[in-house]
Amino acid sequence: MARARILAALIGLGLMAGLAACSKPVPPTGKWEGGADRGGTLVAARVEVLPSGLVRVMAPDITNVTGTMRQTNMLRDQLAARLATGWDDVKPRPFDYDGDTFRKPRGVAPQMVWDKQTRQMTLMLYIGTQPAFPVTLRPVDGFHDNPWANG
């Protein structure tokens with residue numbers, strides 16, 4: 001009788017471990033924002049991962065930026081304004097998540113990479129035929145009018 005209970009318990013533990021191994025990782029929930037200014041490309045970005053696992057993401061960009069610092073700052077302000085005014089229209093969408101990388105459903109290319117230790121999200125943008133353009137985002141409690149101003 002005791003052997004039967006031990007065997008049943010072991011089988012139960014094995015089934016639970018098997019189900020845990022097959023379960024999908026739960027994506028981190030929260031909000032991230034940031035901006036990038038590299039190699040003539042400007043990006044302002046926001047990401048929100050909802051408790052449902054759906055993701056809202058917006059990252060307007062301007063490429064081939066040249067000019068003075070004053071002109072660049074004006075372009076940064078324009079991107080920040082586009083981000084702030086367009087955010088309410090961004091629809092949540094599904095992503096596949098493997099524990100650290102978000103991909104479009106059944107996709108291959110990383111769209112976002114999550115670093116659990118630093119709580120940092122990196123948005124991977126694919127602009128034209130260029131390689132992935134990483135945009136480092138920081139966690140925020142609420143979004144700001146200017147993603148660069150609070151970094």
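**Aromatic pairs and a cluster in a predicted model**

Phe 102 is buried, at a relative accessible area of 1% (buried means under 20% relative accessible area, exposed over 50% and partly exposed in between, with a 1.4 Å probe and protein chains only). This is a predicted model, where local features need pLDDT of at least 70, side-chain atom pairs count only at pLDDT 80 or more, and totals for chains, interfaces and linings use all residues. Residues are numbered from 1 along each chain as its sequence is written, and side-chain values use heavy atoms, with hydrogens and water left out.

Rings of Phe, Tyr and Trp (its six-membered ring) pair if their centres lie within 6.5 Å; planes under 30 degrees apart are stacked, over 60 edge-to-face, and the rest tilted. That rule gives 4 aromatic pairs. One of them joins Trp 87 and Phe 143 edge-to-face, 5.1 Å centre to centre with 65 degrees between the planes. Phe 95 and Phe 102 also make an edge-to-face pair, with centres 6.5 Å apart and planes at 85 degrees. Phe 95 is buried too, at 13% relative accessibility, and Trp 87 is buried at 5%. Ring pairs gather Phe 95, Tyr 97 and Phe 102 into a cluster.

As for confidence, pLDDT (the predictor's confidence in each residue, from 0 to 100) averages 87 over the chain, and 83% of the residues score at least 70. Where pLDDT is low, the predicted coordinates should not be read in detail.
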